[in-house]
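Visitor: I would like to learn how to read a fold from its model. Please take me through it feature by feature.

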Amino acid sequence: MTPSERIDQLIAGLTDWRGKTFASIRKSILAADRKIIEEWKWMGSPVWSRNGIIVVGNAHKGKVKLTFSHGAILPDPDKLFNAGLEGKVWRAIDFFEGDKINERALKIIRAAVDYNQMKLRRKAPAGTRSKVHKSKK
């Protein structure tokens, strides 16, 4: 089974509000960047990546949790992170019954993708990085 099929199966098995919430979150994640890939790691966790992990999703009793691998570094002007705030790297968003997934969530997902892209550029050997040319005035 592919990771996407496993995630489909996970969502289908969540017959309460968590299934709809998880499906909505997944849709928002995939809409943030068309190059995001779905993975299945750690014996049963959906993971979304692009040049590194962006976010891990889990359904728990009473909540759906999104854990961002570099959440402590990401800008969070809308104060979406509400769990793992003491962490030095990871931060999470716990969604509870009735919570809405909206465009604010897309911003933080996009910021995570951008962070991974920046990290990738820093690791690239000097000869392969694109050079920035200053415009002449």
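Predicted model: local features only at pLDDT ≥ 70, side-chain atom pairs only at ≥ 80, totals over all residues.

Visitor: Where does S28 lie, and is S28 buried or exposed?

Guide: S28 lies in helix α2. Its relative accessible area is 13%, and because buried means under 20%, S28 counts as buried.

Visitor: How many helices and strands are there in the protein, and what pattern do they follow along the sequence?

Guide: The protein has three helices and five strands. Read along the sequence, the pattern is α-α-β-β-β-β-β-α.

Visitor: What overall figures go with that pattern?

Guide: The protein has 137 residues, of which 40% count as buried. Its accessible surface comes to about 8800 Å², and 55% of that belongs to carbon and sulfur atoms. Among contacts between residues at least 6 apart in sequence, 51% join residues at least 24 apart.

Visitor: How should I read the sheet? In what order do the five strands lie?

Guide: The general idea is that strands of a sheet pair through backbone hydrogen bonds, either parallel or antiparallel. In this structure the five strands form an open sheet in the order β1-β2-β3-β4-β5, and the pairing is antiparallel. The edge strands are β1 (37–41) and β5 (91–95), each of which pairs on one side only. From one strand to the next, the twist averages 25°.

Visitor: How many bridges join β2 to β3, and which residue of β3 is the bridge partner of V47?

Guide: Strand β2 (residues 45–49) and strand β3 (residues 53–60) run antiparallel and are joined by three bridges. The partner of V47 in β3 is V56. The hairpin of β2 and β3 has three residues between the strands, and N51 takes a positive phi near 55° there.

Visitor: What does the hairpin of β3 and β4 have between the strands, and how many bridges join β3 to β4?

Guide: Six bridges join β3 to strand β4 (residues 63–68), and these strands also run antiparallel. G57 has L66 as its bridge partner in β4, and H60 stands opposite K63 in β4. Between the strands of this hairpin there are two residues, and G62 takes a positive phi near 90°.

Visitor: Now the helices. At what angle do α1 and α2 pack?

Guide: Read the angle between the two axes, then the distance. Helix α1 (residues 3–13) and helix α2 (residues 17–32) pack at about 150°, with their axes 9 Å apart. Angles over 145 degrees count as roughly antiparallel, so α1 is roughly antiparallel to α2.

Visitor: Which residues make the contact?

Guide: From α1 the contact takes S4, I7, D8, L10 and I11, and from α2 it takes G19, F22, A23 and R26. Sorted by class, the contact of α1 with α2 has five nonpolar, two polar and two charged residues.

Visitor: Where do the two helices stand relative to the strands?

Guide: Helix α1 lies across β1 and β2, and runs at about 75° to β1. Helix α2 packs on the sheet and touches β1, β2, β3, β4 and β5. The direction of α2 makes about 25° with that of β4.

Methods. Residues numbered from 1 in each chain as written. Heavy atoms only, no water. Axes fitted to C-alpha atoms, helices over the stretch in contact; angles between N-to-C directions. Helix = DSSP H or I, 4+ residues; strand = E, 2+ residues; numbered from the N terminus. Parallel < 35°, antiparallel > 145°, perpendicular 65-115°, else oblique. Contact = heavy atoms within 4.5 Å. Nonpolar A, V, L, I, M, F, W, Y, C, P; charged D, E, K, R; others polar. Buried < 20%, exposed > 50% of the residue type's maximum accessible area, 1.4 Å probe, protein only. Areas by Shrake-Rupley, 256 points an atom, 1.4 Å probe, with all protein chains shown as cover. Pairing = 2+ DSSP bridges.
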